[in-house]
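These notes are meant for a colleague who is meeting the structure for the first time. Please read them with the model open alongside.

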Amino acid sequence: MEKNIFSRKLIDLRRKNQLSQAGLANKLFVTRQSISKWENGESEPSIDKLISIAEIFNTSLDNLIMGNMSDKDKLVSISHINKSYDNQVLNDLSLDIYDNERIALLGLNGSGKTTMISIMTGLKNADSGDVKFSFNKKKSLKLMPQNDVLINDMKVRELLKLTQLLNKLKDNNHIESMVKEFNFTELMDHYVGSLSGGQKRRLSLLLSLMAPSKLLVLDEPTVGMDLETIDILWKHLEHVTGSILMVTHDFNQIDKFFSRVLLLKDGRIENDMSVDKIHSHNQTVEQWYRTNNGGLNHD
Ligand SMILES: Nc1ncnc2c1ncn2[C@@H]1O[C@H](COP(=O)(O)OP(=O)(O)OP(=O)(O)O)[C@@H](O)[C@H]1O
């Protein structure tokens with residue numbers, strides 16, 4: 001079996017289910033060291049343990065071993081989307097998004113990334129095609145748009161409270177710790193309109209991460225962020241459960257953090273690749289992107 005995929009899958013599933021190595025070892029009647037070896041790719045579980053792992057995480061064996069997702073894990077199904085402004089931007093675009101994925105959406109400026117995200121999240125209508133969610137979109141789909149959508153004549157504290165009420169978030173301690181983590185403690189009584197561009201960006205990020213989500217969509221979140229905020233972003237995303245779809249061209253992070261890359265070109269998903277697969281061909285995602293999107297090797 002493809003060791004790489006299984007190892008990473010196991011780590012992902014454990015993280016998502018907030019189960020420690022010891023906790024999983026306990027459920028499987030194996031030592032913690034065995035789990036550690038499986039996750040490091042040093043050894044593989046027996047078939048009966050694999051079946052138990054699939055059962056514990058409520059997923060298919062196929063998904064566990066090959067990274068193949070089953071319909072059970074499907075979160076969003078985008079089918080045959082067309083969208084034109086003056087020119088056709090999206091041309092019969094289809095895409096499935098599964099549970100527990102970290103997806104980077106790549107494509108040249110103007111290729112239609114924001115349009116695709118806007119249609120997916122319901123901000124814009126497609127000319128034709130269909131978007132289906134397997135979960136409650138209103139509750140569990142979160143979007144951090146490219147341009148901040150903030151209420152300027154509210155204080156930071158009031159906007160946070162409003163977001164807390166809208167999302168029915170009861171855990172005040174969690175919100176307080178996020179406010180600290182995002183360095184807003186000193187700014188709580190400032191008006192949103194008086195914040196700097198970078199601070200507004202940080203606030204947008206905080207608002208989109210406050211409630212847990214099934215799918216978190218981020219459109220070029222790091223644009224306009226200072227380095228400290230970018231660090232906060234990546235650190236925080238490590239703990240986000242559910243799937244993430246992000247428009248980003250931060251290739252270092254894609255290699256480290258993401259599991260799947262999509263390339264939007266000529267109005268459709270021209271290339272859809274697992275990051276593990278790219279790495280197993282001794283390529284970085286940036287090399288793969290340049291080869292496939294007409295960077296240095298455009299013909
Ligand atoms: N409201 C609109 N009216 C007319 N044309 C539009 C509108 N919104 C987007 N477009 C056009 O659609 C195309 C795709 O735009 P979109 O913003 O989706 O691309 P993108 O891949 O997100 O680009 P970028 O990387 O620059 O953010 C562009 O040619 C853009 O000019």
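1. Two strands are said to pair if DSSP finds at least two bridges between them, and helices (H or I, at least four residues) and strands (E, at least two) are DSSP runs, numbered from the N terminus. On that basis, strand E6 (residues 215-219) and strand E7 (residues 243-247) pair in the parallel sense over five bridges, and Leu215 has Ser243 in E7 as its bridge partner.

2. This is a predicted model, in which local features need pLDDT of at least 70 and side-chain atom pairs count only at pLDDT 80 or more, while totals for chains, interfaces and linings use all residues. Residues are numbered from 1 along each chain as its sequence is written.

3. The open sheet to which these strands belong has six strands in the order E5-E6-E7-E3-E8-E9, with mixed pairing. Strand E5 (141-144) and strand E9 (268-274) stand at the edges with a single partner strand each, so one side of each lacks a neighbour in the sheet.

4. The domain assignment, which is automatic or from a database, gives domain 1 (3-68) and domain 2 (72-292). Ten residues of domain 1 are in contact (C-beta atoms, placed from the backbone, within 7 Å) with seven residues of domain 2. Helix H1 (residues 3-16) gives the most to the side of domain 1 that touches domain 2, namely six residues.

5. The ligand is surrounded by residues including Tyr85, Val89, Lys113 and Thr114. Helix H6 (residues 113-121) supplies the largest share of this shell, three residues.

How values were computed:
A residue is near a molecule or strand if its C-beta atom, placed from the backbone, lies within 6 Å of it. Two residues are in contact if their C-beta atoms, placed from the backbone, lie within 7 Å.
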